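Me: I have a model open and want to learn how to read it. Can we go feature by feature?

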Amino acid sequence: MRINRFILATSAVVAALFFGGAYWSLDRVFDNIVRTNAARASDAATRITFAAMYQLMSQGWSRSQADDFLRGMASSGDGSSMQVQVYRGPLVVDVYGVIAQPDLDDALREAMASGRSLRIDSSEEARHIYPLIADERCLKCHANATPGVALGAIEVRQQYAGLLADARRELLLAFAAMLPLAGLFAGAAVWWVGRRIEGAVESLQEEFEKVGAVADLKALAVAERDFGFVELNRIDDALRALLGKLRGIAVDKEILTFEIGLLEKFVITADVVRDWREYVCRLLIDINGILPAHTLFSIFKIDDEMFDLEVFWFGPVTAETKRRMEHYIREELLRTSSFADSGAFAIHHHIANSDGPLVELSEDEVAVRVKSFFVDKPKIGGIVGIGVHAGVLDDETRYLVVESVLSTLLNVVGSVKAIYKYTRDLEYYATRDPLTDLFNQRVFWELSSYEVGRAQRHGYSFGLLLIDLDNFKLVNDNHGHAVGDTYLQRFARQVQGALRDGDILARYGGDEFVALLPEATQETVVVVAQRIRNAVEQLEIVTPEGVRLHGTVSIGLAVYPDHADSTKDLLMFADNMMYRAKAAGKDQVAVPSQDDVVEIFRDISQKSLMVIEAIENQRVVPWFQPILDVGTRQVVAYEVLSRISLEGQMIRADEFVEIAEKIGVIHRLDMLVLERALASLSKQGHDGEIFVNLSPRALVFSEFARDLRRIIAASDVAPERIVFEITERDTVKNLALLERFLLDLKADGFKLAIDDFGSGFSSFHYLRRFPIDYLKIEGDFIANMLNSDKDRTFVTSIRSLAREMGIAVVAEYVESPEVLHELERMEIHRAQGYYIGRPAPDVIARDWLPPAA
């Protein structure tokens, strides 16, 4: 609605209310005045009539005179609004007889009986009855009366309906004459006010319509106006004040869209980590889409004496500009107190757009236009500073956006660089044993499987050696782990030197090593094994105390395809032969005969029968190893382990799980252990998490998922409490199948963990593809991290990687209070190992107490 129409309509309503109210009020006033005057006139007429009658009666009047008087009074009101009537009471009638008069009504009788005057008002008239009361003077003529008795009554009727009608008519005529004048005046006032307001509003609207961007808003100047009204002038002042505030806080939609789009790209993916420098180059190109930015740089602290400077240029750059930028960054870093004594710089320049404009900056341009952000202490990834050459900006908001982008980039680039470094280290240690720098167990399995396939295709044989150090535990116990680590490192180099070119040596675990000898007959394998044994006998280590240590090895061998046609069977065969060398007195190479082959495989068959019989007779027993919350020192979870009860002895899982997988009963074994474990833990009152090892080979059974859900549903254990552990095994041929199965488990509420993380490169594929909740660090790294900087670096890298991905970490092989204390210092969440608690059929107290020394 337009404001002039609103004012006009409001004025009309107000006028109608005013005239209506005035008419009603005046009508009430006139009515009261007429009625009051009628009452006064009636009272006066009554008194005059009574006084006249008394005067005539006191002079003595005849009956004819009285009748004439009464008729004259009755006819005196003809043609007027007032009528007077005198009534003769019963006492007077008794003496003087009846006269012509109207009949007495109830009001007249009441007034004469009570002796009090009576007034009756109606809408048409006012009626006044005045009783004629006898006194001493009246008794002369009315001997039958007594003082105080009513002799009659005078009635006066005053008609005022006509007076009120005349008054209302006159009032309406007066209002009718006033309405045109009032309407004319109101219309003029509305027109004048409307013109004042509309003129100012139209002018203001024209100026506001020119605003299409923040720059137009800043150029807008609203002149001060006088609307002629204090209130409207106050609104105008407030509007201009608001405009001033908007100039200070308004932000271009373009720059907001840019910032949002840029922040959306701050997502760390595997591609970003792998090509993080290219990622920063793309960010610089995006920044140039909204503001001119010639360069973006980041500084990383590598160590106490070294800084890494990465400079990204939007286009080709002159050598002098490079020098000036490097000098500026050095100066800025020196101003930061923590890096005042900074050492050498490793400087790397990168061009984001080789076809871009040549970047050539003067000394002043570099110093004035660089927006930089430095921190006192290195952040994640070692980053200590970041900056951008932002060009000349006429908008303070854009500077604020640049600062916001820089502070975010500081964390993003630092995180990317950190993950890049961690991933690079982890990729190396995923294939290497950090102590000896040999291949680790997982790589051995991959290479040996590859060698089996190659030997099948080309029809040749190859050998496998299982090398075990004799009495190595005494070295650690008597001289410490540091000496033991040094011995293993020297041992690895010694054995490596005894192998042929092309032979592969790996550390299988602890003091066990395996060697693959491609294209070798049994005779060749025996020669190499003897050469290794002789080389180890020549190895000598001198301890810090001056003790000279010598060692020996027991070696078992197997040859493909003479002794087995798969990697697992070859290793199992070599393992049996190694134990035969131990049993024969150690420091020997056990060379299998044909009888040995038959006996060993007979032992394997017996173990297969043992596993089947244990499952059939339900002699598989769940044991539980506690998992400790390092911070609260409470047992929050248990890992379920399998045992077979045989003739009063407990056989560990590592002695029968691989056989169960090989003979195809691993599914039944897993289900039996899980069912018994859930029942036992519930009975013992454990309400925390339950870690369950999941054999990937069991996934090939179609009923596995069905049986798994059935058992858990029957146990009344919430899925959120169950954590399934997966490990790298060569039995996982179909990662897509495993991924689909694990995603289904995750959707049902179960949690997932990667066991022995870092023992093989496939762990990273698992981490990238599966929704993992826990990483269980390979125990060898935990056990040796106090004595090995490499192991400590590996554990630190896994912890940092997990923290970046929001994954909890469980440290295995925690076997001393020193290791537990170090885990607490490193902020690792959970710990598991013999120091926390050995596997047992019963759970321990929730509030954990360290074992007695």
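Reply: Start with the charged pairs. This is a predicted model, and the count comes to 32 salt bridges.

Me: Which residue does Arg846 meet in a salt bridge?

Reply: The partner is Asp687, at 3.6 Å from N to O. This pair links distant parts of the chain, 159 residues apart. Arg846 sits in the segment after strand 25 (830-831), and Asp687 in the loop between helix 21 (666-683) and strand 20 (689-693).

Me: Is Asp687 buried or exposed?

Reply: Read the relative accessible area; exposed means over 50%. Asp687 has 55%, so it is exposed. Arg846, at 41%, counts as partly exposed.

Me: How far apart are the closest N and O atoms of Glu689 and Lys751?

Reply: They are 2.6 Å apart, and the two residues form a salt bridge. Glu689 lies in strand 20 and Lys751 in strand 22, 62 residues apart in the chain.

Me: Why does Glu689 count as buried?

Reply: Buried means under 20% relative accessible area. Glu689 has 9% relative accessibility, so it counts as buried. Lys751 is partly exposed, with 23%.

Me: Where do Glu827 and Arg803 lie?

Reply: Glu827 is in the loop between helix 27 (817-825) and strand 25, while Arg803 is in helix 26 (residues 789-805). They form a salt bridge with the closest N and O atoms 3.2 Å apart. The pair is 24 residues apart and links distant parts of the chain. Glu827 is exposed at 53%. Arg803 is partly exposed at 46%.

Me: Which residues are linked in a network of salt bridges?

Reply: One such network links Asp105, Arg127, Glu155 and Arg157.

Me: Now helices. How do I read one face of a helix?

Reply: Begin with the geometry. An α-helix has 3.6 residues a turn, so residues three or four places apart point the same way.

Me: Which residues of helix 15 are buried?

Reply: Helix 15 (residues 472-479) has Phe472, Val475 and Asn476 as its buried residues. Seen down the axis, these fall within an arc of 90°, so they line one face of helix 15.

Me: What does the face of helix 15 turned away from the buried side carry?

Reply: That face carries the exposed residues Lys473 and Asn478.

Me: What do the buried residues of helix 15 pack against?

Reply: They pack against strand 10 (462-469), helix 16 (481-498) and strand 14 (548-549). Look just after helix 15 as well. Gly480 takes a positive phi of about 95° there.

Me: Which residues other than glycine have a positive phi?

Reply: Here are two cases to find. Glu519 has a phi near 50° and is not a glycine. Glu519 is in the loop between strand 12 (512-517) and helix 17 (522-537). With 52% relative accessibility, Glu519 counts as exposed. The second case is Asp756, with a positive phi of about 55°. Asp756 is found in strand 22 (residues 751-757).

Me: Where is the cis peptide bond at Pro561?

Reply: The bond runs from Tyr560 to Pro561, with omega near 0°. Pro561 lies in the loop between strand 15 (553-560) and helix 18 (567-583).

Me: What lies 3.0 Å from a polar atom of the side chain of Thr321?

Reply: The backbone nitrogen of Leu361 does. Leaving out residues up to four places away in sequence, Thr321 touches Trp313, Val359, Glu360 and Leu361.

Me: Last, the whole chain. How many helices and strands does it have?

Reply: The protein chain has 27 helices and 25 strands. Buried residues make up 46% of its 853 residues. The accessible surface comes to about 42300 Å², and 54% of that belongs to carbon and sulfur atoms.

Me: What share of the contacts with a separation of 6 or more is between residues 24 or more positions apart?

Reply: Such residues account for 69% of those contacts in the protein chain.

Terms used
Residues are numbered from 1 along each chain as its sequence is written. This is a predicted model: local features need pLDDT of at least 70, side-chain atom pairs count only at pLDDT 80 or more; totals for chains, interfaces and linings use all residues. Side-chain values use heavy atoms; hydrogens and water are left out. Helices (H or I, at least four residues) and strands (E, at least two) are DSSP runs, numbered from the N terminus. Buried means under 20% relative accessible area, exposed over 50%, partly exposed in between (1.4 Å probe, protein chains only). Contact means heavy atoms within 4.5 Å. Accessible areas come from the Shrake-Rupley method with a 1.4 Å probe; for residues, only the protein chains shown count as cover. A salt bridge is a side-chain nitrogen of Lys or Arg within 4 Å of a carboxyl oxygen of Asp or Glu. A polar contact is a pair of N or O atoms within 3.5 Å; within protein, one must be able to donate a hydrogen and the other to accept it, and residues adjacent in sequence count only if both atoms are side-chain atoms. The arc is that of the directions from the helix axis to the C-beta atoms.
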